[in-house]
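Me: Hi! Could you walk me through this one? I'd like to start with how the chains meet.

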Amino acid sequence: MKEGNRALSLYTLLVFIFLLGPLVIISITSFEPGTVLKFPPEGFSLRWYKNIFEVSAFMETFRTSIVISLLGNLLALLLGVPAAYALSRYRFRGRDMLNAVFLSPVLIPGIVLGFTLLRYLIVVYNLPIVAGLLIGHTVIMLPFIIRVIASSLENFDFAVEEAAQSLGATRLFTFFKVVLPNIRSGILAAVLIAFLESFNNVDISVFMTGPGISTLPIQMLTYVQNYFDPTIAAISVILMVLTAALMFIIERLMGFAYFTKR
Amino acid sequence: MNKKAMVLLLPGLLFLAAFMLIPITLTIASTFVQDGKLTLEGYLHFFRDGYFNRILLTTLRVSAVTTLVCMVLGYPAAYYISRTSVRKKSVLLALSIFPLLTSPVVRSFSWMIILGKKGLVNSLLVNTGIIDKPLDILYTPTAMMIGLVHLFLPLIIITLLGVMENLDHELVRAARSLGASPFTAFRKITFPLTVPGLIIGGILVFVGSLTAYTTPALLGGKERVVSTFLYQNAMTLNDWQAASVIAVIMIVITFVVVGLMNAWANRLNPKG
């Protein structure tokens, strides 16, 4: 038994080295002073971190990515919070089916969704590319928003809401004063998870670029296909720090139970 | 139906109808029409063409191997995590979630550093004298597969962990008290009860690999899979008809795989 345990823990250790090793390597190479990515690096320099701020395309696409993710998030909240509330609060026929419909964007391959949105939003509906980008990101954020918020509504006792209403509070007042404050951390966690999902998205964004408009992941993708200097390694480190920070907040807000729940 | 519920659901439903269901339905419909006539020509053209069949085969092969490797690496790791101390468990869970939330561009790029001509693997192999010329690993299906395993391994670990946490440990204890060895208890109780989870995790990995774009685009070089071929047809060749046909083929494969494997997982589920 003991030996079996030791073998299993060694195996797990190797699995985690495989999982995290590449991320450590990318971080180390970001300090390479030369122009070619190498491991191990030949010295220590922050020049590629400086380079990120000097290549204007990175700064512009970073801003676009932030704006699209935040606006998309807002839209997804406006559409998703009422839906999540209705799906958790009321029992009605077709509820399971509607639930499935709201989660369906994750079933459609991202690259297929991106292409169909390009084909119809831009060409048939004649929308500007930025609008297509925003709509596409809202579509993929919606399932995350609804799932996380519905799961925090599961822990909310709707009797409290009924009590408030029986004391004379209006529906809307109860929603804002009783329901929302109770699921506050769930909503914030949903926003952060959806933000990361949208910020890292490639499959939709890759079709929604035009003159002067692109997102950071797409800019990184294009850059890597043309240059092989340590700039992308430096950006990667910054993105990983951002991810770790958001992850820490998500953990504080609702733990990691959401991730292991199917 | 409840009227209040409907009012709250409507905005979201209209949004999804306008920006997902209708565009996809129209895309599907468009593949059956050519010059105003109903036809299967779009599809026949693809399957008669050896090039597309090769791409489809590469994609399926890479996805199948990725799924298998993820199962072999992920299952024991998830089992270990589920049995370890609370402290270790939360650290290992956090270390699995972190890559999952990290940009796929970053994660694929890290493999370019490792697998490249002057990358870590080649310099190790050349410096130790095992080989004298660097291997071509990057821009091959093998590189794609390694990148995809790295991309989806956390997903299968986390899925399996969820299943293992819900496992009734009383059953294992009962088996042990009746004289079963730890290995027998694992083989007769734990494993059968977690197989449906393994299949569900496998679906996620297989479908994810089948439709992933970033990893094959960065690590595959000229080697195409269906997703990069769809992109190439749409954006480089501007052949939207061809791209639509590929899109529909991808949707169909995804739904067939999910449906079949779900049915299989349900049949194996002892709780029915």
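Me: How many salt bridges are there between chain A and chain B?

Reply: The count between chain A and chain B is 0. Keep in mind that this is a predicted model.

Me: Which helices of chain A supply at least two residues to the side that touches chain B?

Reply: Here they are for chain A: H1 (2–29), H3 (56–89), H4 (95–103), H5 (110–124), H6 (129–154), H10 (216–226), H11 (231–254) and H12 (257–260).

Me: And where does the largest share come from?

Reply: From H1(A), which gives 14 residues to the side of chain A that touches chain B.

Me: What's that side made of by class?

Reply: On the side of chain A that touches chain B, 59 residues are nonpolar, 11 are polar and 5 are charged.

Me: Let's talk size. How many residues does each chain put into the contact?

Reply: Chain A brings 75 residues and chain B brings 80 residues.

Me: What area do chain A and chain B bury between them?

Reply: About 7400 Å², and 84% of that is on carbon and sulfur atoms. In chain A, the residues losing the most area to chain B are Phe18(A), Leu19(A) and Phe115(A), which together account for 8% of what that side buries.

Me: Switching topic: which residues form the nonpolar patch on the surface?

Reply: That patch consists of Val123(A), Val124(A) and Tyr125(A) along with Ile22(B) and Leu26(B). Together they have about 410 Å² of accessible area.

Me: Which helices each supply at least two residues of the patch?

Reply: H5 of chain A and H1 (3–30) of chain B do. Val123(A), for one, lies in H5 of chain A.

Me: Now the overall fold. How many helices and strands are in chain A?

Reply: Chain A has 12 helices and 0 strands. Its pattern along the sequence reads α-α-α-α-α-α-α-α-α-α-α-α.

Me: And what about the secondary structure of chain B?

Reply: Chain B comes to 12 helices and 2 strands.

Me: Last one: what box do the C-alpha atoms of chain A fill?

Reply: Roughly 70 × 65 × 30 Å for chain A, taken along the principal axes. For chain B, the C-alpha trace spans about 75 × 70 × 35 Å along its principal axes.

How values were computed
Residues numbered from 1 in each chain as written. Chains lettered and ligands numbered in written order. Predicted model: local features only at pLDDT ≥ 70, side-chain atom pairs only at ≥ 80, totals over all residues. Heavy atoms only, no water. Contact = heavy atoms within 4.5 Å. Buried area = accessible area lost by both parts, 1.4 Å probe. Salt bridge = Lys/Arg side-chain N within 4 Å of Asp/Glu carboxyl O. Helix = DSSP H or I, 4+ residues; strand = E, 2+ residues; numbered from the N terminus. Nonpolar A, V, L, I, M, F, W, Y, C, P; charged D, E, K, R; others polar. Patch = residues over 30% accessible without salt bridge, like charges linked within 9 Å, V, L, I, M, F, W, Y side chains within 5 Å. Areas by Shrake-Rupley, 256 points an atom, 1.4 Å probe, with all protein chains shown as cover.
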